[in-house]
Amino acid sequence: MPTEATLLPSRAGHGDDLALLGLLQLVSPALPIGAFAFSQGLESAFELGWVTDETTLGEWLDGVLEDGLTRCELPALARLQAAWGVGDHAALAEWDTWLAANRETAELAAEDSRLGASLARLLESLGLYPPGPSRASPAMPPGAGYVTVFAWTAHARGVTRRQALLGFAWAWLENQLAVACKALPLGHTAAQRLVERLRPALVTAVDQALALEDDDLGPVLPGLALGSALHETQYSRLFRS
């Protein structure tokens, strides 16, 4: 259970520093939740020949960021973190369900639920799992997905919504480049060139995500959905999605 000092680190006089360190911990590739096992459809794009080099990978990531994260995970994360802040359990359940409904393949749905469950178990071991009014009325929606649990962790660490969105987008980009370095392959210098190219796009994505109204939300990624569906029966693969 989070302590008052955990939820309100500013009382220690170093709130911004502790929040930043908490965010870095949350988005670190070393966080033991198994994110390295998932490619979010990218491995299928390699297999199908849609992504073959640094240039086409940059185009793919641009598209997924603009038509996916900007319209789905990032604005939902902002709403979920706001709901955690005021204890709005109905809104938490609503947005968690909305995210699950937007997972268009079994693999993408499994990735979201497994990462959410892994992060929840880690929070329990760290004493950071959100307390509920009672066992019959838990704070965390049953079977909560990764974005919902991420939102709670950012809230508990005192991370601002904007910084939480930037951290989430950064973790996504790092994961995708790690996948490419393993499976494309992509050299580490080329990966850093893509980081330099896409850093401004992450900021723009967060700006847009925070400005979208509820009726504007929803990913538009038919290619990723098709690739993910084909990945389910791909003969040889390194990743679970």
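A cavity is a set of grid points where a 1.4 Å probe fits but cannot get out, and its lining residues have an atom within 4 Å of a point. The model used here is predicted.

**Exercise 1.** Find the largest cavity and describe its lining.

Solution. 
1. Searching the whole structure for cavities of 30 Å³ or more gives one.
2. The volume of the largest cavity is about 70 Å³.
3. Its lining consists of G22, Q25, L26, L31, L119, L122, L123, L126, L128, T153 and R157.
4. Two or more lining residues come from each of the elements α2 (15-27) and α7 (106-126).
5. Helix α7 gives the largest share, four residues.
6. Sorted by class, the lining has seven nonpolar, three polar and one charged residues.

**Exercise 2.** Decide whether W84 is buried or exposed, and list what surrounds it.

Solution. 
1. Locate W84 in helix α5, residues 73-86.
2. The relative accessible area of W84 is 6%. Buried means under 20%, so W84 is buried.
3. Leaving out residues up to four places away in sequence, W84 touches L92, P130, A139, M140, P141, T148, A151, W152 and H155.
4. M140 is 56 residues from W84 along the chain, with 9.4 Å between their C-alpha atoms.

**Exercise 3.** Which side chain makes a polar contact of 2.8 Å with that of T56?

Solution. 
1. T56 belongs to helix α4, residues 54-67.
2. The partner at 2.8 Å is the side chain of D53.
3. Beyond four places in sequence, T56 touches W50 and V51.

Key: Residues numbered from 1 in each chain as written. Predicted model: local features only at pLDDT ≥ 70, side-chain atom pairs only at ≥ 80, totals over all residues. Heavy atoms only, no water. Polar contact = N/O pair within 3.5 Å; in protein donor to acceptor, adjacent residues only side chain to side chain. Contact = heavy atoms within 4.5 Å. Buried < 20%, exposed > 50% of the residue type's maximum accessible area, 1.4 Å probe, protein only. 1 Å grid on protein atoms, 1.4 Å probe; cavity = no way out; pocket = protein on both sides within 12 Å on 5 of 7 lines; lining within 4 Å. Points joined across faces, edges and corners; volume = space filled by probe spheres on them. Nonpolar A, V, L, I, M, F, W, Y, C, P; charged D, E, K, R; others polar.
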